[in-house]
Amino acid sequence: MAAQRLCFFGLLLFLLPSLSLQLSPKLNFSDLQALLAIKNSLTSIYNTRHSFFSTWDFTSPDPCSSFSGVTCSLSQPPSSLRVTILSLGDSPGLSGSLPAAISGLTELTQLILSPGIVTGSIPPEIGKLTKLRVISLPSNRFTGGIPTTFSSLNSLHTLDLSHNQLTGSVPPGLTLLPELRVLILAFNSISGELPSISSQLLHLDLKNNVVAGPLPSSLPASLRYLSLSNNRMWGPLNGLATLTELTFLDLSMNQFSGPIPGPLFFIPTLSSLLLQRNNLSGGIPQTAQGPLIPTSPSYGQGSIVDLSHNSLSGELSTVLDGVESLFLNNNRLMGSVPEEYFKSVSRGSTKTLYLQHNYFTGFPHFDGLSDAASLCLSYNCMVPPLWGVMTCPASSGGPMSRPTAQCSVFKNGSSKG
């Protein structure tokens, strides 16, 4: 009897691996078919024995644990495994195109593609994957427009399509998605106007496109990062005064006009304010306006303010004292430069101070510059200091001072210089 019992347990131990294999959930068949289509449509740029898809063996009993870039979870009810995260490619990336069959991965929450040379259009069928929270397809060669079907992805949190060759406009429904927090479309050829935004975006990056028109009438107060640099946008900077959570603002190299909203200079979190090369006018405020704005800004280490190449006028206030890199060159600022700026340069808290090509008439005496500082005061209505440590960029050019005739005409308020 003991011998029979021992024999039974031995047989059970022998059968357990195959029994557990039969009882364990398998990868859903539609997911398996979608992965096969993806493998057939993409290939590693260097298709070697160790290419990205070398682990994608479709005879494997458990693709979820053996396929690179594939993460699964149990479906509900737990009858099969479903792909929830798909991270395609590694250095140096993939070539080929994304197949429409990717829409079979109906439980997918994250679709990530490494930088490479994947071409063709972005499949609109991705818009059927309603559980997606992250779509990241940067630095490839996608063409065509942003699929309008993305406007139905109500769970989408992050969309990064930067550094591609996309054209067309931003689908209006995209910026209305309730969960969208990060939208990065930089370095494409996207055109049209920026649509209304009701999403509570934290990060919006559309730099280096051909977006035209004015800023939307209202921008979400939640924004912390906003870059629309190097587009074709115009009009006033209305709506920015309410963005009290900003840490980074870059609207440079557009055609914005009118005054800079005063509250922008007093947002306590803002460390990068880049408005250079526009058509902005008006002055720099002396003090804050508004009950919710601190009376003095808190610029410090790593801060940068670039208002150069505009038409700003009036006397320079002290609100920008303490900015580490300050560019006010090529404007119409006048009067004496406040001594606070030179003190900041002397003690090293300001490392770059460019004031050239304005109409300043004086500067206070100070002891000198820190070793790491760069200061330029050339081409103003005064004789600039001739310290050997004063450095100007090569682009400043021209004589050290403005002609007297320009300064006297400007003083009467009619100069265009």
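This is a predicted model: local features need pLDDT of at least 70, side-chain atom pairs count only at pLDDT 80 or more; totals for chains, interfaces and linings use all residues.
Residues are numbered from 1 along each chain as its sequence is written, and side-chain values use heavy atoms, with hydrogens and water left out.

Three disulfides are present, a disulfide being a pair of cysteine sulfur atoms within 2.5 Å. With the bonded cysteines numbered in sequence order, the pairing reads 1-2, 3-5, 4-6.

C64 is bonded to C72, with 2.1 Å between the sulfur atoms. The torsion about this S-S bond is -85°, and the link of C64 and C72 is left-handed. Both C64 and C72 are buried (buried, under 20% relative accessible area; exposed, over 50%; partly exposed, in between; 1.4 Å probe, protein chains only).

C376 pairs with C392 at a sulfur separation of 2.0 Å. This pair links distant parts of the chain, 16 residues apart: C376 sits in strand β26 (residues 374-376), and C392 in the loop between β26 and α5 (404-411). Helices (H or I, at least four residues) and strands (E, at least two) are DSSP runs, numbered from the N terminus. The torsion about the S-S bond of C376 and C392 is about 100°, so this disulfide is right-handed. C376 is buried at 0% relative accessible area, whereas C392 is partly exposed at 31%.

C381 is joined to C407, S to S 2.0 Å. C381 lies in the loop between β26 and α5 and C407 in helix α5, so the bond ties together parts 26 residues apart in sequence. The torsion about the S-S bond of C381 and C407 is about -95°, so the link is left-handed. C381 and C407 are both buried.
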